[in-house]
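My entries below keep to what I looked up.

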Amino acid sequence: MIEIILNDRAYEQDIRELLMAFYPGETFVYEPSPEAGLSVEGMVDREQRYFSIRIVNRRQAGPVELPSDMGEALKAEMAEAGEALEVNYRDRTETKSRIKRRLYALLVRETGKLLPWGTLTGIRPTKIIMTKLSQGKGVDEITAFMRSTYFTGYDKIDLALRTALHEKQLLQTVDCERGYSLYIGIPFCPTTCLYCSFTSFPIGKWKNQVGLYLEALFREMRAVAEDMKGRTLDSVYFGGGTPTSLSAQELDRLLGALEETFDLSHVKELTVEAGRPDSITGEKLQVLKCHGVTRISINPQTMQQRTLDLIGRRHTVEMVKDCFFMARDMGFDNINMDLIVGLPNENMEDVRDTMNQVRALNPDSITVHSLAIKRAARLNTMKEVYKDLTIVGTQEMIDLTARYAADMGMEPYYLYRQKNMAGNFENVGYARPGKACLYNILIMEEKQTIMAAGAGTTTKVVFPEENRIERAENVKDVASFIERIDEMIERKRKLLPDRTQS
């Protein structure tokens with residue numbers, strides 16, 4: 001247990017997120033507790049413009065050996081770690097950055113370890129680099145900035161730079177200001193996985209409501225098309241949940257409604273997540289093919305059968321392979337596979353075996369996720385049930401997946417991070433030339449408006465001239481979505497008064 005004692009909670013979230021990165025799985029309290037082994041005390045003095053922070057370790061621990069590759073900026077910060085910071089509280093961004101730098105130095109001294117991303121706890125590290133690239137900064141300047149400002153490791157800077165350069169190239173193919181993308185959410189799955197926190201409901205329990213859901217969804221899609229008339233639709237992404245949880249007939253209705261409602265003549269990609277092999281049939285794949293779907297995702301997460309059984313996937317490794325080959329035989333030439341590093345009870349050899357089996361299938365892209373256990377996941381809500389599971393995500397595992405991706409001729413093209421991620425790592429999308437998912441880049445970089453329809457989806461309207469993003473969230477519950485569909489439509493329309501004219 002760690003106690004965070006602050007006289008001003010303005011920077012509590014920033015302090016807690018950095019502590020979570022150093023001490024994953026710890027419980028935090030905000031008042032003195034005799035059970036706390038570590039105390040972090042922060043004092044804000046707004047009149048004198050000072051901030052002071054210190055760590056009190058009540059645990060039994062010996063001397064800590066400091067890392068040898070800290071870098072000059074971190075060494076300088078560590079040398080001043082016992083002093084109060086002079087800050088300008090009117091500049092929240094800079095103040096937050098300085099507080100995190102000081103706390104990071106204290107935590108490195110306390111633990112003897114460096115975080116791969118340094119002080120960065122946000123989910124979009126490439127946005128920083130994209131901004132620098134747009135300012136005409138070179139690789140050496142950006143590297144120096146990331147090292148001195150965030151203490152980011154060289155390997156992560158290199159990854160982010162390579163990713164950002166690919167993103168920049170792909171973004172040149174779209175008009176971010178006059179175009180838009182469309183996300184359609186299908187909140188049903190065959191079962192709910194152990195780690196899942198997405199909007200997802202077992203399809204078996206909702207079979208009788210699917211028709212009503214689709215009718216509400218079609219109504220929302222028609223409203224979006226009307227609101228965005230005069231703008232170019234660049235990409236369409238069907239996610240969830242698992243869209244292929246729907247029957248072949250329902251998928252046919254859904255994709256037919258898309259074609260009837262939107263002008264698809266300029267769409268560069270149409271993705272459908274066929275994520276669960278236990279939801280895929282030849283008939284469904286034929287429906288996708290007939291409606292011009294250009295990219296699908298067949299997601300094993302792991303090729304270890306005991307893990308699939310443990311996490312509730314309810315399909316076999318052989319089913320993954322059968323579905324993949326069936327899709328290939330039907331002519332799908334852009335197939336992605338999602339994988340997760342750090343799944344319960346998996347070790348390095350399990351990850352290696354999974355990567356060997358995936359390489360043998362020869363997909364066009366892979367997305368490697370580091371396990372993130374969110375509040376709504378059963379791994380978190382039922383901790384006592386799963387307390388004996390071993391969850392290990394290591395840098396060596398991440399590096400291994402990167403080597404396999406390179407061996408398959410793939411380059412990183414999008415990158416994001418999540419809170420509570422095992423090992424404080426990242427999720428990376430790798431793709432062969434010409435096979436990157438444009439939608440994934442657009443949703444991460446937030447440079448284009450993403451209109452969303454369906455339960456649990458979020459619309460993001462970008463106002464580039466004002467450097468502003470507005471969001472409208474749909475309710476997650478299926479029944480509430482059906483009942484309140486007019487409200488969902490109106491939420492989006494409130495964001496678009498000046499955006500619908502050609």
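I began with Tyr439, which is buried because its relative accessible area is 6% (buried is under 20%, exposed over 50% and partly exposed in between, with a 1.4 Å probe and protein chains only). The model is predicted, so I noted that local features need pLDDT of at least 70 and side-chain atom pairs pLDDT 80 or more, while totals for chains, interfaces and linings use all residues. I also noted that residues are numbered from 1 along each chain as its sequence is written, and that side-chain values use heavy atoms, without hydrogens and water.

Next I looked up aromatic pairs (Phe, Tyr and Trp rings, the last by its six-membered ring, with centres within 6.5 Å; planes under 30 degrees apart are stacked, over 60 edge-to-face, the rest tilted), and the count came to 12. Tyr183 and Tyr439 are stacked, because their ring centres are 6.1 Å apart and their planes at 25°. Tyr183 is also buried, at 16% relative accessibility.

I then turned to Tyr414 and Tyr416, whose rings are stacked with centres 5.8 Å apart and planes at 25°. Tyr414 is buried at 6% relative accessibility, and Tyr416 is buried at 15%. Elsewhere I found Phe22, Tyr104 and Phe151 linked into a cluster by ring pairs.

Cys176 is in none, and its nearest cysteine sulfur, that of Cys437, is 14 Å away.

Terms used: Disulfide = S-S within 2.5 Å.
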